[in-house]
Amino acid sequence: MSLSTDVFQDQDIFIADILSKNKIIAMVGASKNWKRPSNFVMKYLQKYGFTVIPINPGNAGQYILNELCYASLQEVPIKIDMVNIFRPSEFCASITKDAINIGAKTVWMQLGIKNEEAINLGKEAKINVIYDKCPKMEHSRLSGALGLAGFNSRLISSKRPFVKNPPHAKRNGGIVKSNELETLSIHAGTRPDASTGSRSIPIYQTTSFTFDDTDHAASLFNLQEPGNIYARLTNPTVSALEQRIAALDNGLGACCAASGHAVQMLALFPLMEPGAKLIASSKLYGGSITQFTKTFKNFSWNADLVDVSDLDAVKNAVKDTSVKVLFAESLANPDGNITDISSLAEIAHEVGIPLVIDNTMATQILCQPGKFGADLIVYSTTKFLSGHGNAMGGAVVDMGNFPWDKGRAFSKLTTPDSSYHDINFYESFGNHAFINYCHASVLRDLGSTMAPLNAYLTLIGLETLPLRMKQHMKNAELVANFLKNHSKVNYVSWAGFKENIYHELAKKYFKDGFGSVFTFSLKSGYEGAMQLVENCNLISHLANVGDTRSLIVHPASTTHRQLNNEQKEKSGVGDSIIRLSIGLESHKDIIADLEGALSTI
């Protein structure tokens with residue numbers, strides 16, 4: 001975006017101001033075909049109070065969306081505030097000259113269009129020039145409407161959103177911009193309720209939503225405007241959670257599902273196809289290994305497990321042209337291994353595939369994988385994000401940077417979709433294509449929808465995530481050191497120790513801690529491990545992690561029981577291994593409980 005008289009320092013606030021003042025728009029290149037992006041944009045802007053005059057010599061004298069079409073800007077009989085250009089770059093300079101001559105205040109070049117000559121002409125004429133953006137997407141993002149599909153507006157506000165107009169607040173459209181995780185974890189995605197003014201997000205416990213009229217219904221089903229249709233696809237409570245999770249990663253948007261396993265399916269479905277292959281870390285949670293190597297075969301998807309710390313092995317694995325995805329955990333469950341995210345991103349992007357990082361164990365408070373090149377980030381929200389062990393869920397965050405039309409073919413996103421009148425998702429939605437497809441197609445057809453109550457409980461948990469993670473890290477350090485120095489413990493796999501092979505990677509990728517889920521090995525072997533687990537009186541024996549309570553489990557007999565011996569070895573799960581998830585109790589009580597249990601061996 002280029003500004004000639006830039007009174008605002010922030011682009012978002014400037015665009016909000018432009019959209020609140022430029023109400024009469026001439027759209028150069030407007031199409032009568034309702035499937036074309038220009039028609040999408042025109043219809044949306046009309047609904048939200050803008051007058052849009054179509055300019056197209058091929059349709060001059062005809063009506064497009066009830067507006068008379070003109071052959072040129074000079075023929076329009078009313079004053080134009082803004083000229084929106086839906087033409088290739090080479091036409092932009094001449095259109096900008098015409099816009100200046102008719103006294104337009106703003107020239108807006110559509111998504112994917114940037115012309116330097118036009119930008120310079122605008123600067124010289126002291127008019128506003130915006131490029132490579134879509135007014136429909138910007139309006140729906142800034143007004144909060146795009147959040148209905150889980151996209152992150154990167155803005156927060158205590159003002160009630162207005163449904164059909166830009167925000168009418170006294171200062172800066174009522175919006176605030178923050179990059180602080182403490183603020184985002186409380187505010188992102190949860191403006192006061194539009195209809196009631198409720199400051200806390202309501203639980204929208206409903207299956208479906210009314211339409212304004214038949215045209216509104218058709219527009220929703222045609223994906224021409226964002227909105228709620230049926231709770232399997234979107235729900236306002238779930239959408240609020242999607243926005244908050246995306247904001248914490250500074251991502252483009254998110255899509256939630258019923259569980260962590262469900263969201264792995266959701267995230268991979270737009271990218272995989274029969275015969276395609278997934279390369280994944282061999283040191284994954286046992287349930288993920290089973291899902292990838294067993295269940296996915298029912299879709300004719302293949303998965304190869306590779307030690308991602310061996311970068312040469314990863315490079316060789318992704319050379320196979322059937323490989324569509326590289327997948328790893330930032331902080332591996334259960335052994336606490338740290339992934340070299342930026343190196344994996346470089347390897348993946350070199351062959352034209354996305355890097356997917358499971359960031360469940362670290363959360364955004366310790367690590368933001370998108371900063372290091374991850375394209376998609378998945379979470380089991382059941383764990384630390386909710387924090388209380390009361391709500392199942394999962395989320396995928398799209399950083400919005402991967403070029404789906406390049407590299408290895410991702411046909412679901414880049415070819416006509418017959419279930420939506422042959423819309424090409426990437427052509428129509430640009431970098432919004434992936435999350436739109438997750439909602440519009442994957443949730444529609446696979447139905448792995450998050451319950452609104454679970455979304456609400458997770459939103460409550462997220463409000464304290466930064467505070468909780470600090471206490472988790474403090475307790476984990478004290479417990480890990482206690483175990484390290486205990487005579488009955490063989491070793492402790494925690495990246496906070498300087499001698500740990502992952503310590504330097506942890507310092508590179510993590511902040512404020514080294515993880516509170518880790519393993520340790522007992523000298524007494526399998527029987528000793530079982531005895532220890534059974535003699536803990538404070539620490540809960542169960543298969544979850546990331547709870548406020550401290551948790552303990554013996555992976556070889558539980559979470560990784562379905563794996564064969566070779567897979568257990570590759571996953572770092574031996575018979576004497578114990579996994580701990582350190583909670584928020586007093587570290588003195590956690591250590592005392594472990595000490596008492598160890599004394600029974």
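**Close-up views of a predicted model**

By class, the second largest pocket is lined by ten nonpolar, eight polar and eight charged residues (Ala, Val, Leu, Ile, Met, Phe, Trp, Tyr, Cys and Pro count as nonpolar, Asp, Glu, Lys and Arg as charged, and the others, Gly among them, as polar). Before the views, some housekeeping: this is a predicted model, where local features need pLDDT of at least 70 and side-chain atom pairs count only at pLDDT 80 or more, while totals for chains, interfaces and linings use all residues. Residues are numbered from 1 along each chain as its sequence is written, and side-chain values use heavy atoms, with hydrogens and water left out.

**View A. The second largest pocket and its lining.** There's about 560 Å³ of space in here. A pocket is an open set of points on a 1 Å grid over the protein atoms alone, where a 1.4 Å probe fits, with protein on both sides within 12 Å along at least five of seven lines; lining residues have an atom within 4 Å of a point. Points are joined across faces, edges and corners, and the volume is the space filled by probe spheres set on them. Of the 26 lining residues, Leu111, Asp132, Lys133, Asn431 and His432 lie nearest the centre. Helix α5 (135-142) gives the largest share, three residues, and α1 (11-21) and α15 (425-429) each supply at least two. Helices (H or I, at least four residues) and strands (E, at least two) are DSSP runs, numbered from the N terminus.

**View B. Strand β8 (residues 253-257), covered on both faces.** Gly253, Cys255 and Ala257 are buried on one side, Ala254 and Cys256 on the other. Buried means under 20% relative accessible area, exposed over 50%, partly exposed in between (1.4 Å probe, protein chains only). Strand β14 (residues 394-398) runs antiparallel to β8, with five bridges joining them; strands pair if DSSP finds at least two bridges between them. Look for Cys255 opposite Val396.

**View C. Asn115, in the loop between β6 and α4.** Asn115 counts as buried because its relative accessibility is 11%. Its side chain has a polar atom 2.9 Å from the backbone oxygen of Ser89 and one 2.8 Å from the backbone nitrogen of Ala118. Leaving aside neighbours within four places in sequence, Asn115 is in contact (heavy atoms within 4.5 Å) with Ser89, Glu90, Cys92, Ala93 and Met109.

**View D. Asn424, in the loop between α14 and α15.** Asn424 is also buried, at 15% relative accessible area. The side chain of Asn424 reaches the backbone nitrogen of Glu427 at 2.9 Å.

Methods. Polar contact = N/O pair within 3.5 Å; in protein donor to acceptor, adjacent residues only side chain to side chain.
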